[in-house]
Amino acid sequence: MSLKGKLALVTGSGRGIGRATALKLASQGADIVVNFFRRREAAEQTVKDIESLGVKAELIRANVGDPAKINEMFDVIENRFGHLDILVNNAASGVGRSVMDIDVKAWDWTMGINARAPLLCAQRAAKLMKGRHGKIVNISSLGSLFVLPTYAVVGVSKAALEALTRYLAIELTPQDICVNAVAASAVETEALKFYIKEGLIKDNRQATPAGRMIAPDDVARVVAFLCSEEAFMIRGQTIIVDGGTSIAPFIAAEEVQ
Amino acid sequence: MSVEEQIKEIIARIVHVDKNLITREGTFKDIKADSLDMVQALVAVEDKFDIEILDEEAQKFQTFGDFVDYVEKRLTEKEKA
């Protein structure tokens, strides 16, 4: 699967799943726009690692929770490149609270970054994908389907994102753009370490039927597949990457091994 | 307007409190700000001054004065760079 000559924007690609995805797409030949917001050092490292693969990388700092900053980011892409082939909506945030503790601010903050930003990015991206067989992949999580502790508002935002994926997939068909989502369960990233440290989830790093924790690369590989022409007939779907956890809720992982 | 005044304005806007209630000796707790208010204030200040505030450093702020001092330090470093 070659992505040579393609240009991909991966939001939140300084760390975690975004970084792994950016590197995966770069390893297949795509030039990458690395978007970050808070950790410049990590994002600069991602840029260096991408460039060492022999492709180009462009660093853009933008808070995707702010619609004006999304527009500024796309203005830069439009002026510098004039087109875009792939958009991966990965940047996410959230407020860890139970349903009864969610207030307007927590709701708006989370929905703004996890659901509104992918919509606004897709709208701008679609215009830059004209005649280029564009691909859009949204990064969701299993919290859209299953109840996780203090995950309510994030789970709801991811459910919104998956519904948005379906609408985009159908309504962007005339523009020849494929839209899908990838939902992972707990992935070994810095964000997960926080959840474990705070005691919000159990440290169950062995507990998937597949026998190991999900790594950012596991997600990145599926994203790369969805960005390829091989996935042309997959539209509006959310592909679950969880090592089998969600379909075997009553079986302890060690019983499978 | 000084850096301190600008930071006070940002916090006042986010937490919906009178700017005069924000003093160098005061804390987020004093103005009944929650953890999201704090994150939003950090993000808004980062955006305003185009600097990065490390989470590890932010956790050490005892007062608004510490916050202002840190931002001023980052701005000086940025000028030198």
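How many helices and strands are there in chain B? Chain B has 4 helices and 0 strands. Read along the sequence, its pattern is α-α-α-α. The model described here is predicted.

## The two chains

Chain B has 81 residues and a radius of gyration of 12 Å. The globule rule gives 12 Å for that length, so chain B is as compact as a globular protein of that length.

The table sets out some values for each chain.

| Chain | Span of the C-alpha trace along principal axes | Buried residues | Contacts joining residues at least 24 apart, among those at least 6 apart in sequence |
|---|---|---|---|
| Chain A | about 50 × 40 × 40 Å | 47% of 257 residues | 74% |
| Chain B | about 35 × 30 × 20 Å | 17% of 81 residues | 55% |

The chains also touch each other. In this contact, 5 residues of chain B meet 7 residues of chain A. On the chain B side, 2 of the residues are nonpolar, none is polar and 3 are charged.

## Helix α7 of chain A

Is helix α7 of chain A largely enclosed or exposed? This helix runs over residues 216–226. Of its 11 residues, 8 are buried, so helix α7 is largely enclosed by the rest of the structure. The buried residues are A:Pro216, A:Asp218, A:Val219, A:Ala220, A:Val222, A:Val223, A:Ala224 and A:Leu226.

What do these buried residues pack against? Their partners in chain A are α1 (16–27), β4 (86–89), β5 (135–141), β6 (178–184) and β7 (238–241).

A:Arg221 is also found in helix α7 of chain A. A:Arg221 has 16 C-beta neighbours inside 10 Å, so it counts as partly exposed. Burial here takes 20 or more such neighbours. A:Arg221 and A:Val156 are 65 residues apart in sequence. In space, their C-alpha atoms are 26 Å apart.

## A:Val241 in strand β7

A:Val241 lies in strand β7 of chain A. With 19 C-beta neighbours inside 10 Å, A:Val241 counts as partly exposed.

Which residues does A:Val241 touch, not counting those up to four places away in sequence? They are A:Val182, A:Ala184, A:Ile214, A:Asp218, A:Val219 and A:Val222. Among the buried residues of α7(A) are A:Asp218, A:Val219 and A:Val222. A:Ala184 is 57 residues from A:Val241 along the chain. Yet the C-alpha atoms of A:Val241 and A:Ala184 are separated by 4.7 Å.

## Helices α1 and α2 of chain A

Helix α1 of chain A, one of the elements that α7(A) packs against, also meets helix α2 (residues 40–51) of chain A. The two axes come within 9 Å and cross at roughly 15 degrees. That angle makes α1(A) roughly parallel to α2(A). Their crossing is right-handed.

From α1(A), the contact uses A:Arg19, A:Ala22, A:Leu23 and A:Ala26. From α2(A), it uses A:Thr46, A:Asp49 and A:Ile50. The residues divide into 4 nonpolar, 1 polar and 2 charged.

Spacing along a helix matters for reading such lists. An α-helix has 3.6 residues a turn, so residues three or four places apart point the same way.

## Helices α1 and α2 of chain B

At what angle do the axes of α1 and α2 of chain B cross? Helix α1 covers residues 3–15 and helix α2 covers residues 35–49. Their axes come within 10 Å and cross at roughly 140 degrees. That makes α1(B) oblique to α2(B). The crossing of α1(B) and α2(B) is right-handed.

On the α1(B) side, the contact residues are B:Gln6, B:Ile7, B:Ile10, B:Ile11, B:Ile14 and B:Val15. They meet B:Asp37, B:Gln40, B:Ala41, B:Ala44, B:Val45 and B:Lys48 in α2(B). By class, this contact has 8 nonpolar, 2 polar and 2 charged residues.

Technical notes:
Residues numbered from 1 in each chain as written. Chains lettered and ligands numbered in written order. Predicted model: local features only at pLDDT ≥ 70, side-chain atom pairs only at ≥ 80, totals over all residues. Buried ≥ 20, exposed ≤ 12 C-beta atoms within 10 Å, placed from the backbone. Contact = placed C-beta atoms within 7 Å. Nonpolar A, V, L, I, M, F, W, Y, C, P; charged D, E, K, R; others polar. Helix = DSSP H or I, 4+ residues; strand = E, 2+ residues; numbered from the N terminus. Axes fitted to C-alpha atoms, helices over the stretch in contact; angles between N-to-C directions. Parallel < 35°, antiparallel > 145°, perpendicular 65-115°, else oblique. Left-handed = near helix turned anticlockwise from the far one by under 90°. Rg over C-alpha atoms; globule rule 2.2 N^0.38 Å.
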